[in-house]
Amino acid sequence: MVQAPINPATKIPPSRHEFAEVIHRLEAGGAMLPDTPENLMQIIGLYKAYAVPMDFYWRDLLYIAERVFLNPLPFFKYFLPKEYLDLHNHYAGDDADLRIWRGEATAHPELLAFMEKGETFKMPKLLHHLWHDRINMEFAEDLLRAMLWHRGMGGNFDPYLDTPEYKAAADKAIKAYFQGNPVMLGLYKLFPEMFIEQVRQLSYYSNLGLFWEVMAPVFFEMSDLYDEGKITTVPEAMNFLVNGIFAIAGRPIYHHVYIRGEMYEIIPKSKGFMWLYEAALPYVEAVFYRTSPFRGTKSYNAQAKQVPDDQKDFHYGILYADVFPVGTAGIPPTLLMQDMLHFLPPYLVDYYHKHCRGEDDMLIQLGISFQRSMYVVTSAVIQALRTALLYPLDDSNPKHLQANRAFFEAQMDRFKRPEARLRNIQSQNYR
Amino acid sequence: MLSALIWLPVLGAALVGFWPGLSASRARFLALAVASSLLVWTVVLFSQFDISNPAIQFSELFPWIETLGLNYHLGVDGLSLPLLALAGILTWIAIYSSNESVERPRLYYALILSVNAGIVGGFLAQNLLLFILFYELELIPFYLLIAIWGGTPQRGYAAMKFLIYTAVSGILILAAFLGLAWLSGSSTFDYKAIITAGLPLTTQLILLTMLLVGFGIKIPLVPLHTWLPDAYVEASPPVAILLGGILAKLGTYGLVRFGLGLFPETWALVAPGLAIIGAISAVYGALTAIAQKDIKRMVAYSSIGHMGYVLLGAAAATEISLIGAVAQMVAHGLILAILFHLVGVIETKVGTRELDVLNGLMSPVRGLPLTSALLVLGGMASAGIPGMAGFVAEILVLQGSYSVFPLPTLVCVVCTGLTAVYFVILLNRTCFGKLDNNTAYYPKVKLPEEIPALVLAVVIFFLGLQPTWLVRWSESTVAAMVATVQIDNEQQVAAVEAPAIER
């Protein structure tokens with residue numbers, strides 16, 4: 001799907017955009033991240049470190065969406081039952097719908113080993129939980145809440161949540177779930193919208209869970225290919241993502257709930273919501289670009305207009321984030337960095353040991369590698385959109401190339417903001 | 001017993017300086033060993049000290065040049081004992097916190113030990129000429145310490161300014177001492193033998209003024225302070241600790257010991273003026289500190305402000321205010337030392353002291369979190385937050401002085417608030433905010449580099465929570481000193497009232 005690029009500079013004049021160098025790289029089939037072995041090692045290592053906790057995230061998100069559902073006191077929602085650890089990923093293992101990763105379909109062995117002992121020692125699950133010596137689901141929940149909060153980012157999934165059809169399905173599930181519980185049913189009678197909104201949130205649990213079910217095996221496979229020497233450049237890594245995006249673009253996004261052994265289809269598969277348009281693109285928009293002002297990184301004064309009036313102008317995502325305050329209490333990315341820290345491949349640990357403060361600031365170093373890797377994922381999404389909506393990179397018609405140029409320039413305009421890290425990641429010294 | 005405190009560092013300095021083939025690390029080790037021995041010896045001295053006895057203790061008297069009235073007469077009382085401890089701790093801290101790869105290490109450590117010997121000698125001397133000898137002895141080492149190991153090319157200028165100012169201070173004090181002995185007809189310069197009671201009031205006033213100006217330069221008081229910002233800022237942090245922490249105390253100690261101690265009659269006349277100068281110093285120090293952009297200069301100016309409290313307490317000369325003044329000398333020494341040390345750590349790691357550049361050092365992973373936390377603590381201690389030594393000292397000074405000089409005291413109360421203002425500015429800009437992604441790749445602060453600040457923090461907290469350990473040593477000495485002032489005051493009042501009765 002991604003064609004062998006030619007140098008478009010021969011057909012259209014060079015871009016005068018601030019990020020002309022990056023645009024030319026994109027036009028040549030590259031990524032926003034410069035193609036260096038060091039960058040490749042960082043992004044692939046991070047995909048691996050991200051994929052292991054992600055293997056827990058998607059399982060637990062589906063568990064919460066499908067089983068915990070509206071439990072008013074969900075104390076044990078992060079205690080994943082064996083059933084969900086053994087749940088087969090649809091894109092790994094022998095019985096996969098489409099086998100992206102050549103590994104097993106059940107929970108990753110490194111994840112299981114970590115769940116057993118954590119970074120401390122073997123002790124009851126509750127103590128691991130309270131000590132935060134576990135996979136931190138709080139991060140994952142924060143992201144889906146960002147998706148829910150930034151509603152109306154395109155696609156059909158989000159508008160569907162406001163339809164009578166959706167509400168009727170949710171109503172049926174709510175009444176079934178609280179059957180024999182007059183208190184909760186009474187509350188539902190009094191505040192129906194509150195319950196429906198909770199179900200909407202749970203639908204996003206399912207949405208993100210299904211999105212990550214795909215991404216985890218993609219990242220595992222990329223890591224394995226890198227280890228085997230089959231991915232050797234950043235564009236190759238990006239193209240693997242682009243091809244993966246198209247391969248599973250049609251994967252259905254749905255929300256099923258299991259109550260007393262019976263399945264309730266809150267969003268049935270038959271609605272035909274597609275992975276690319278209803279999960280991947282809203283995810284990138286909400287999480288990579290927008291999110292919300294992270295608690296703790298900086299005090300934002302909304303009255304002084306430090307926070308934009310319009311949600312579409314929010315730019316607090318990982319592509320813009322200041323990673324240096326990682327470690328401060330209350331910032332969701334700290335939890336993600338902590339999760340990834342446990343699963344870094346040895347080559348990346350050695351690499352971090354050689355830079356900055358070595359082991360002491362590994363959380364930040366890996367955070368910046370994560371930022372680099374997410375710029376590659378975003379590049380893949382931009383290239384995929386260009387493939388879907390515009391013209392091939394080697395198109396012979398200059399007008400088409402100009403249209404591609406305009407598309408890339410419009411995308412790069414979003415990184416003109418001073419807090420965007422696109423400038424930083426062009427240098428290897430940003431670590 | 002007391003001679004050891006002087007001669008041990010002298011011997012140490014000689015060994016460090018002249019032992020053939022001594023390596024840099026061994027020179028440092030030897031200097032630290034000497035400083036540690038001095039600390040231990042000071043602790044022994046404390047254990048033997050009789051706190052109920054207001055007089056000079058552990059007296060040592062050897063005739064030296066009797067024709068000049070110069071005797072080797074040492075002794076310690078409640079006024080000098082806490083300062084000995086301060087000198088011991090800060091010398092150890094200064095040596096420990098010195099850069100291990102300091103240039104010309106043997107000369108450096110020898111000079112620091114010489115400085116210690118000179119200052120401790122000053123605190124112990126019970127003969128005025130002997131005091132002057134020690135007082136002058138530390139000038140040259142300090143000059144060299146600033147001029148050779150100072151920060152910028154301005155260090156030569158700063159060192160020379162320091163030398164000229166403090167040399168003038170020494171000359172004034174020497175002149176005052178000579179006048180004192182000769183005019184009072186004393187055959188010796190021994191402290192106890194000097195009695196000013198017989199001198200005319202004008203003579204006393206002139207002599208006291210000379211002393212006040214002399215010691216005022218050393219403290220320093222506004223407007224005699226202009227050498228301080230340059231010297232403190234240009235000196236390396238360990239030298240700044242010695243300068244601000246203990247050398248300045250030689251000035252305040254001299255003021256109380258020789259100003260108040262030798263001129264109890266005249267003190268009441270100059271006291272209102274001194275209280276006003278104290279208040280002005282406090283205001284000037286605080287306001288100037290607020291205006292600074294360099295954190296080291298900010299701390300240097302804060303020192304001027306805090307010395308103002310000592311002057312106020314000494315001027316009021318009540319029992320509580322004097323105890324407070326002594327406590328403030330110790331507390332200020334400790335707090336200034338922790339601040340200078342931390343500023344030094346920040347400068348070493350971040351490479352700047354500019355308030356406009358520093359930011360976000362509290363960042364837990366990439367910043368200097370422990371250093372920042374200790375800086376916050378130092379700032380709080382300096383601002384007189386309860387629970388720390390600075391509070392104890394300031395509350396005693398203010399409480400003791402209010403009854404005598406209410407207005408200057410109230411001004412000083414306001415200044416404690418202003419102290420909080422500039423420390424909030426310093427801490428807010430330095431510790432909080434965000435790290436610059438382009439520049440914030442600072443090396444980690446290793447634990448040994450934090451140890452001086454941690455030790456000082458423990459002492460500051462301990463003395464804040466157990467203030468009796470700060471004030472008990474000087475209570476009886478101060479009580480005796482205040483009694484002489486009060487008696488003299490009463491006599492003066494009687495003398496003024498007597499003619500009225502006759503009329």
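Guide: Let's start with what an angle between helices means: each axis is a line fitted to C-alpha atoms over the stretch in contact, and the angle, from 0 to 180 degrees, is taken between the N-to-C directions. Keep in mind that this is a predicted model.

Now look at chain B and find helix α10(B), residues 237-262, and helix α12(B), residues 295-316. Their axes lie 11 Å apart, and the helices pack at an angle of about 20°. Angles under 35 degrees count as roughly parallel, so α10(B) and α12(B) are roughly parallel to each other. As for the handedness, α10(B) passes α12(B) in a right-handed crossing.

Who does the touching? On the α10(B) side you'll find Gly244(B), Ala248(B), Thr252(B), Leu255(B), Val256(B) and Leu260(B). Facing them from α12(B) are Ser303(B), Met307(B), Val310(B) and Ala314(B). Sort the residues of this contact by class and you get seven nonpolar, three polar and no charged.

Chain B has 19 helices and two strands, and its C-alpha trace spans about 85 × 55 × 40 Å along the principal axes. For 503 residues, a compact globule would have a radius of gyration near 23 Å, and the 22 Å of chain B agrees with that. Buried residues make up 57% of chain B.

In chain A, 15 residues are in contact with ten residues of chain B. That side of chain A comprises seven nonpolar, three polar and five charged residues.

While you're over in chain A, here's another helix pair to set beside the one we began with. Helix α8(A), residues 164-177, and helix α10(A), residues 192-227, have axes that come within 10 Å and cross at roughly 100°. These two helices are therefore roughly perpendicular to each other. Lys167(A), Ala170(A) and Ile174(A) of α8(A) make this contact with Phe195(A), Ile196(A) and Val199(A) of α10(A). By class, that's five nonpolar, no polar and one charged.

So that's your two pairs: α10(B) and α12(B) roughly parallel, α8(A) and α10(A) roughly perpendicular.

Methods
Residues are numbered from 1 along each chain as its sequence is written. Chains are lettered from A and ligands numbered from 1 in the order in which they are written. This is a predicted model: local features need pLDDT of at least 70, side-chain atom pairs count only at pLDDT 80 or more; totals for chains, interfaces and linings use all residues. Helices (H or I, at least four residues) and strands (E, at least two) are DSSP runs, numbered from the N terminus. Angles under 35 degrees count as roughly parallel, over 145 as roughly antiparallel, 65 to 115 as roughly perpendicular and the rest as oblique. Two residues are in contact if their C-beta atoms, placed from the backbone, lie within 7 Å. Ala, Val, Leu, Ile, Met, Phe, Trp, Tyr, Cys and Pro count as nonpolar, Asp, Glu, Lys and Arg as charged, and the others, Gly among them, as polar. The radius of gyration is taken over C-alpha atoms; the globule rule is 2.2 Å times the number of residues to the power 0.38. A residue is buried if 20 or more other C-beta atoms lie within 10 Å of its own, exposed if 12 or fewer, and partly exposed in between; C-beta atoms are placed from the backbone. A crossing is left-handed if the near helix is turned anticlockwise from the far one by less than a right angle, and right-handed if clockwise.
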